[in-house]
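Visitor: I'm new to looking at protein models. Could you walk me through this one and tell me how you know what you say?

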Amino acid sequence: MRASAALSVVAGHQAAAAAPSLADRIGRLQAQARSLAREHIAALEAAMAEVERLSGEIADGGEAYPVGVREIARRLSAECEASGNTIKALAGRT
């Protein structure tokens, strides 16, 4: 019985010593948040690339599309390209 009490105290002591500091926990959470933010930015870039592709197809689609829709699609395609390049530069991945 005494041996189990000694084990309990040792285990409690080891757990307390192994617990990460608050600063370590904050650092890990910040790193995780940065990683998730990079994933989110990549998803935005992919969505913008898809909009750029679709709007380019419509802009070049000829008379099948109304003139106003083709014009908006042309502008949207250019804006997505420029904005996508800006996002890549700001994210540090030119």
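Guide: Helices here are DSSP runs of H or I with at least four residues, strands are runs of E with at least two, and both are numbered from the N terminus. This is a predicted model, where local features need pLDDT of at least 70, side-chain atom pairs count only at pLDDT 80 or more, and totals for chains, interfaces and linings use all residues. Residues are numbered from 1 along each chain as its sequence is written, and side-chain values use heavy atoms, with hydrogens and water left out.

Visitor: How many helices and strands are there in the protein chain?

Guide: The protein chain has 3 helices and 0 strands, so reading from the N terminus you get α-α-α.

Visitor: Which helix has the lowest confidence, and which the highest?

Guide: Confidence here is pLDDT, the predictor's score for each residue from 0 to 100. Helix α1 (residues 2–18) is lowest, at a mean of 56, while α2 is highest, at 97. The protein chain averages 88, and 81% of the residues score at least 70. Where pLDDT is low, the predicted coordinates should not be read in detail.

Visitor: Why is Ser 77 called buried?

Guide: Buried means under 20% relative accessible area, exposed means over 50%, and partly exposed is in between (1.4 Å probe, protein chains only). Ser 77 has 16%, so Ser 77 counts as buried. Ser 77 sits in helix α3 (residues 67–90), where Arg 70, Ala 73, Cys 80 and Gly 84 are buried too. Contact means heavy atoms within 4.5 Å, and leaving out residues up to four places away in sequence, Ser 77 touches Glu 52, Ser 55 and Gly 56. The buried residues of α3 pack against α2 (22–59).

Visitor: And why is Glu 45 called buried?

Guide: The relative accessible area of Glu 45 is 13%, under the 20% cut-off, so Glu 45 is buried. Glu 45 is found in helix α2, along with buried Met 48, Ser 55 and Gly 56. Beyond neighbours within four places in sequence, Glu 45 is in contact with Ile 87, Lys 88 and Arg 93. Across the protein chain, buried residues make up 10% of the 94 residues.

Visitor: What makes Arg 53 and Glu 50 a salt bridge?

Guide: A salt bridge is a side-chain nitrogen of Lys or Arg within 4 Å of a carboxyl oxygen of Asp or Glu. For Arg 53 and Glu 50 the N to O distance is 2.6 Å, so the pair passes. Both lie in helix α2, 3 residues apart, which separates them by about one helical turn. Arg 53, at 40%, counts as partly exposed, and Glu 50, at 35%, is partly exposed as well.

Visitor: What makes Arg 74 and Glu 71 a salt bridge?

Guide: The closest N and O atoms of Arg 74 and Glu 71 are 2.3 Å apart, so this pair meets the rule. By this rule the count comes to 4 salt bridges.
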